[in-house]
Amino acid sequence: MRIVFPTLLAALLLTTPALAADLTERLALAKAVNILRGDPYGDTDARITANITERQWRPRRETVCGGGASMVWAFHVVVKDAEDHDGGPIDGWLVIDGRSGRIVCANLPFLD
């Protein structure tokens, strides 16, 4: 029994990263807020969240990023009191990875 337990424990520890969970909407929103923090999106969580008008959990291929079946969170961001390069309000999408929360793509100014 002593040999089996350490082996089982080691196997579980090695497989844990593969079982990583998808981000909840709340955690994904927190990550999006951190990505957007600053001018022109807002300096407070409340201001930034107010500029996020829509949240979607969907495959990457169904977003502005295109391609792939991995699941992502897509946030529609509208900043009415800021101007984009065309002189209109900022209106675009921030797409983050559904597991890591890292930015996948965005069609918003000032995000790389």
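## Thr63 and its surroundings

Leaving aside neighbours within four places in sequence, Thr63 is in contact with Arg58, Val72, Ala74 and Val95, where contact means heavy atoms within 4.5 Å. Thr63 is found in the loop between S1 and S2, and with a relative accessibility of 15% this residue counts as buried; buried stands for under 20% relative accessible area, exposed for over 50%, and partly exposed for what lies in between, with a 1.4 Å probe and protein chains only. Helices (H or I, at least four residues) and strands (E, at least two) are DSSP runs, numbered from the N terminus.

The structure is a predicted model, in which local features need pLDDT of at least 70 and side-chain atom pairs count only at pLDDT 80 or more, while totals for chains, interfaces and linings use all residues. Residues are numbered from 1 along each chain as its sequence is written, and side-chain values use heavy atoms, with hydrogens and water left out.

## Nonpolar cores

A nonpolar core is a set of buried Ala, Val, Leu, Ile, Met, Phe, Trp, Tyr and Cys residues joined through side-chain atoms within 4.5 Å. The largest such core has 19 residues, of which Leu36, Tyr41, Phe75, Val77, Leu94, Ile96 and Leu108 touch the most other members. Helix H2 (25–36), strand S2 (71–83) and strand S3 (89–97) each supply at least two residues of this core. Apart from it lies another core, of 6 residues, including Cys65, Val72, Ala74 and Val95.

Leu36 touches Tyr41, Gly42, Ile48, Ile52, Val77, Leu94, Leu108 and Leu111, when residues up to four places away in sequence are not counted.

## Asn51

Asn51 is found in the loop between helix H3 (45–50) and S1, and at 5% relative accessibility Asn51 counts as buried. Not counting residues up to four places away in sequence, Asn51 touches Tyr41, His76, Val77, Val78 and Val79. Between Asn51 and Leu36 there are 9.9 Å in space, C-alpha to C-alpha, and the two are 15 residues apart in sequence.

## The disulfide

A search of the whole structure finds 1 disulfide, the term being used for a pair of cysteine sulfur atoms within 2.5 Å. This disulfide joins Cys65 to Cys105, with an S to S distance of 1.8 Å, and the link is left-handed, with -100 degrees about the S-S bond. Because Cys65 lies in the loop between strand S1 (52–59) and S2, and Cys105 in strand S4 (residues 103–106), the pair ties together parts that are 40 residues apart in sequence. Cys105 has 19% relative accessibility and therefore counts as buried.

## Aromatic pairs

The whole structure holds 2 aromatic pairs; rings of Phe, Tyr and Trp (its six-membered ring) pair if their centres lie within 6.5 Å, and planes under 30 degrees apart count as stacked, over 60 as edge-to-face and the rest as tilted. The rings of Trp57 and Trp73 have their centres 5.2 Å apart and their planes at 45 degrees, so this pair is tilted. Since Trp57 lies in strand S1 and Trp73 in strand S2, the pair ties together parts that are 16 residues apart in sequence. Trp57, at 33% relative accessibility, counts as partly exposed, whereas Trp73, at 7%, counts as buried.

For Trp73 and Phe75 the ring centres are 6.3 Å apart and the planes lie at 25 degrees, so that pair is stacked, and both residues, Trp73 and Phe75, are buried.
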